Amino acid sequence: SLIDRKEDWRLAGLRDYFFDKIKKVVPDIRINGPLRRDRLPNNINISIPGGNSEKLLLELDKYGIRAGSGSACTSHAVEPSHVLRAIGVKKPYLDGALRFSLGRQTTKKDIDYVLKILPIIVKKFRGR
């Protein structure tokens with residue numbers, strides 16, 4: 001329907017805004033999967049080199065940020081995603097994979113909050 005299509009465009013805009021900004025605040029981050037039109041509008045999947053998904057997720061949770069690791073297909077698995085392996089994500093990036101899903105409630109303010117908090121968390125982990 002037309003409403004769903006407008007929502008898809010809105011979510012794709014938020015997703016692309018995130019991708020454009022994240023490289024500026026965490027330069028060595030990897031975006032997993034295709035960009036722009038070849039990607040679902042509500043999907044953000046990134047990897048932080050040398051990161052640990054489980055620890056990153058716990059830290060994000062402390063700030064009220066909900067995320068998953070790997071791909072949506074393996075959201076309950078502890079092992080690195082076979083989907084990420086299949087699209088060529090290398091070992092150093094598999095362990096630091098994070099997946100954010102956008103929805104009707106997601107706002108630009110939410111994206112800006114993640115863009116503010118994620119670099120703090122990454123810096124904290126790299127400082128250890």
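Guide: Asp95 sits in the loop between helix H4 (91-94) and S3; helices (H or I, at least four residues) and strands (E, at least two) are DSSP runs, numbered from the N terminus. This is a predicted model, in which local features need pLDDT of at least 70 and side-chain atom pairs count only at pLDDT 80 or more, while totals for chains, interfaces and linings use all residues. Residues are numbered from 1 along each chain as its sequence is written, and side-chain values use heavy atoms, with hydrogens and water left out.

Visitor: Is Asp95 buried, exposed or partly exposed?

Guide: Asp95 counts as partly exposed, at 32% relative accessibility. Buried means under 20% relative accessible area, exposed over 50%, and partly exposed in between (1.4 Å probe, protein chains only).

Visitor: Other topic. How many aromatic pairs does the structure hold?

Guide: There are 2. Phe18 and Phe19 make an edge-to-face pair, 6.2 Å centre to centre with 65° between the planes. Phe18 and Phe100 make a tilted pair, at 6.0 Å and 50°. Rings of Phe, Tyr and Trp (its six-membered ring) pair if their centres lie within 6.5 Å; planes under 30 degrees apart count as stacked, over 60 as edge-to-face and the rest as tilted.

Visitor: Where are Phe18 and Phe100 in the chain?

Guide: Phe18 is in helix H1 (residues 2-25) and Phe100 in strand S3 (residues 97-101), so the pair links distant parts of the chain, 82 residues apart. Ring pairs join Phe18, Phe19 and Phe100 into a cluster.

Visitor: Why is Phe18 called buried?

Guide: Because its relative accessible area is 1%. Phe100 is buried as well, at 6%, and Phe19 is buried too.

Visitor: Now H5. What should its span be?

Guide: Helix H5 (residues 108-126) has 19 residues and should span 27 Å, which agrees with its end C-alpha atoms being 27 Å apart. The expected span is 1.5 Å times one less than the number of residues.

Visitor: Which H5 residues are buried?

Guide: Among them are Ile111, Val114, Leu118, Pro119 and Phe125. Ile120, also in helix H5, is partly exposed, with a relative accessible area of 41%.
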